[in-house]
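Have the sequence and the 3D view ready, and follow along topic by topic.

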Amino acid sequence: MIAAPGPTPRAQERLLLLDPRAGRFRDARLADLPTLLRPGDLVVVNDAATVPGSLPAVAPGGERVEIRLLGEAGAGQWRAVLFGEGDWHTRTEERPAPPVLGPGDTLRLDGLTATIFSVWYPAPRLVELRFDAEGGRLWSALYRLGRPIQYAHLAAGLALSDVQTVYASRPWAAELPSAGRPLSWELLLGLKRRGVALAAVTHAAGVSSTGDPTIDRALPLPERYEIPAETVDPVGKARAARGRVVAVGTSVVRALEGCAAAHDGRLVAGRGTTNLVVSPGFVPQVVDGLLTGFHEPGSSHLGLLRAFVPPPLLDAAYSHAEAQGYRGHEFGDSNLILAAA
Amino acid sequence: MRIPGASALVTGGSRGLGAALGRVLAREGARVALVARGAAELEAAAAAIRAGGGEAHALAGDIGDPRAAAALAGAASALVGPIDLLVHGASTLGPVPLRLLLDTDPTQLERTLAVNVVGPFRLTQAVAGGMVLRGRGLVVHVTSDASVVAYPRWGAYGVSKAAFDHLARIWGAELDGTGVRFLSVDPGEMDTQMHADAVPEADPATLADPAVVAEQIVGLIRESEPLTSGARLEVAAMVAAS
């Protein structure tokens with residue numbers, strides 16, 4: 001499928017409606033969403049804002065490196081992947097490796113330093129860093145120096161505003177929780193008027209690719225999430241009233257199902273970390289359907305969809321979408337996977 | 001709204017009314033992120049709050065910079081949590097000494113609108129979506145009587161504040177029923193650097209203490225539920241009556 005080359009106006013996108021139980025799919029528009037859902041359904045979004053996680057730095061030997069922040073591991077501490085010289089214009093798998101670095105090595109940024117304190121030895125580009133600042137000083141510096149993590153399929157550099165949803169809150173996501181990117185408030189308030197409830201989780205979505213096969217095979221890494229009490233109640237209400245719980249994006253599936261898997265199938269309000277990998281054969285406990293994009297073959301996102309859609313049906317739907325010119329990747333079209341009955 | 005434990009973002013937080021609001025909110029138990037252009041003065045304001053046992057973070061930034069909103073909203077919510085209260089205290093008088101419209105450079109009017117209207121609009125937009133999802137939130141516009149009275153020589157500022165008042169009304173109308181509310185608050189004439197820049201000949205003894213006005217505004221925030229969203233309120237009348 002052709003990748004969408006960059007951000008497009010919201011709520012213009014096409015939507016493929018895929019009913020896994022009926023074994024059917026049909027073309028629709030994202031703007032039809034309120035009529036595709038029913039009063040009593042619940043839409044759950046990921047309200048994580050996207051971190052400006054690509055940071056230029058200089059290694060102790062003077063080599064230029066790119067730090068890509070994967071997630072916050074504590075105050076002033078981050079898990080990160082290092083790349084050699086260059087930037088997003090080069091495909092990740094063709095990027096030169098960074099110099100070999102170990103605990104105690106310090107990377108210099110403009111007005112900031114980051115010291116490596118642990119290394120993941122199967123692939124030493126995956127590190128944990130400690131910045132020499134925290135609080136307001138660190139966050140101001142990250143927003144001053146950082147750019148959104150992005151890939152070579154896009155035509156131009158992204159602004160931070162390009163990678164935020166209209167409900168973005170805390171900056172926890174390494175990459176845009178992209179399923180929610182095309183949603184406008186016109187559409188979301190339209191859902192509420194229709195009697196569809198809205199709720200949020202915050203999930204620290206990680207990166208989709210590092211270019212290092214050892215790390216990429218391990219994706220998604222454990223990711224932290226927070227489920228507020230204000231979301232646990234409507235999930236219970238929707239299920240009791242036979243409403244459907246629709247996750248906006250694979251990160252929401254991971255947060256809700258990861259939380260349920262850790263608590264005997266029940267949702268519990270609070271923070272957690274999940275290493276749940278949703279794949280064919282997984283039986284969702286909370287989520288009935290999802291609004292998502294079109295994902296690349298072999299990605300963990302596509303594997304997750306196979307827990308909701310029989311693989312032959314998913315393949316047929318993707319062939320149709322490709323023939324009809326649907327766009328893939330983070331600024332592409334939408335796919336609603338939901339059984340009508 | 002309930003202030004203890006609330007997450008607050010206050011612009012114009014390094015001096016005058018903004019700094020006083022930050023102090024009172026933190027004293028009442030809010031987690032406060034302060035924004036202003038001058039990093040040193042802002043850090044001192046935040047440090048003073050922390051020394052008093054409150055929680056405050058300094059985020060230097062220029063509200064008039066189009067790139068500032070996403071960064072300030074993101075950094076603030078990383079530090080204090082999803083924002084419950086946004087106070088737009090930052091503003092610029094425009095060209096000083098204040099001058100007639102015939103003598104005002106149009107680019108100065110543009111800059112005044114950028115800081116007093118467009119910048120706050122961007123910041124509200126970056127924060128209010130999350131508030132609507134959570135079903136609660138309050139946005140306070142600090143305004144001026146120059147928004148309703150056509151004072152000669154206050155053209156750039158007065159026009160920007162009139163637009164700012166109307167912005168709060170339209171936000172209020174559009175988000176009616178979502179739990180996210182808007183208020184414009186006119187603090188009256190206060191003994192601040194801004195007032196001295198505008199009216200250098202004024203006698204400070206005739207002006208209100210921003211610390212006193214801040215207490216009134218925080219009282220209003222606490223009891224804001226019954227107020228019409230988007231309404232414009234005058235604090236001067238409350239201070240005089242109390």
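Predicted model: local features only at pLDDT ≥ 70, side-chain atom pairs only at ≥ 80, totals over all residues.

Residues are numbered from 1 along each chain as its sequence is written, chains are lettered from A and ligands numbered from 1 in the order in which they are written, and side-chain values use heavy atoms, with hydrogens and water left out.

- The phi of A:Arg242 is near 60°, a positive value in a residue other than glycine.
- A:Arg242 sits in the loop between helix H5 (229–240) and E14 of chain A; helices (H or I, at least four residues) and strands (E, at least two) are DSSP runs, numbered from the N terminus.
- A:Asp264 also has a positive phi without being glycine, here near 55°, and its place is the loop between helix H6 (250–262) and E15 of chain A.
- A:Asp264 is exposed, at a relative accessible area of 77%.
- A cis peptide bond runs from A:Leu219 to A:Pro220, with omega near -10°, and A:Pro220 belongs to the loop between helix H4 (213–218) and strand E13 (223–227) of chain A.
- In chain B, the bond joining B:Val96 and B:Pro97 is cis, with omega about -5°; B:Pro97 is in the loop between E4 and H4 of chain B.

**The nine-stranded sheet of chain A**

- Chain A has an open sheet of 9 strands with mixed pairing, in the order E2-E1-E17-E16-E14-E3-E12-E13-E15; two strands pair if DSSP finds at least two bridges between them.
- Its edge strands, each pairing on one side only, are E2 (24–29) and E15 (270–274).
- Direction ignored, neighbouring strands of this sheet are turned by 25° against each other on average; axes are lines fitted to C-alpha atoms, for helices over the stretch in contact, and angles run from 0 to 180 degrees between N-to-C directions.
- Strands E3 (residues 42–46) and E14 (residues 245–248) of chain A run parallel and are joined by 3 bridges, with A:Leu42 opposite A:Val245 in E14(A).
- Helix H8 (residues 311–323) of chain A lies across E1 (14–19), E2 and E17 (334–337) of chain A, and runs at about 160° to E1(A).

**Hairpins in chain A**

- Strands E5 (residues 54–58) and E6 (residues 64–74) of chain A pair in the antiparallel sense over 5 bridges, and A:Leu55 stands opposite A:Ile67 in E6(A).
- The hairpin of E5(A) and E6(A) has 5 residues between the strands, and A:Gly62 in the turn has a positive phi of about 90°.
- E6(A) also pairs with E7 (residues 77–83) of chain A, in the antiparallel sense over 7 bridges, where A:Glu66 is opposite A:Phe83 in E7(A).
- Between E6(A) and E7(A) the hairpin has 2 residues, and A:Gly76 in the turn shows a positive phi of about 75°.

**Strands and a helix of chain B**

- Strand E2 (residues 31–36) of chain B is mostly covered, with 5 of its 6 residues buried.
- E1 (residues 7–11) of chain B and E2(B) pair in the parallel sense over 5 bridges, with B:Ser7 opposite B:Arg31 in E2(B).
- Among the buried residues of H5(B) are B:Tyr157, B:Phe164, B:Leu167 and B:Trp171.
- The buried residues of H5(B) pack against parts of chain B that include helix H4 (106–134), strand E5 (137–142) and strand E6 (180–186); contact means heavy atoms within 4.5 Å.

**Where chains A and B meet through helices**

- The axes of helix H2 (residues 135–145) of chain A and helix H3 (residues 68–80) of chain B come within 10 Å and cross at roughly 145°.
- On the H2(A) side, residues making the contact include A:Trp139 and A:Tyr143, while those of H3(B) include B:Gly74 and B:Leu79.
- The residues of this contact divide into 7 nonpolar, 3 polar and no charged; Ala, Val, Leu, Ile, Met, Phe, Trp, Tyr, Cys and Pro count as nonpolar, Asp, Glu, Lys and Arg as charged, and the others, Gly among them, as polar.

Definitions and conventions. Buried < 20%, exposed > 50% of the residue type's maximum accessible area, 1.4 Å probe, protein only.
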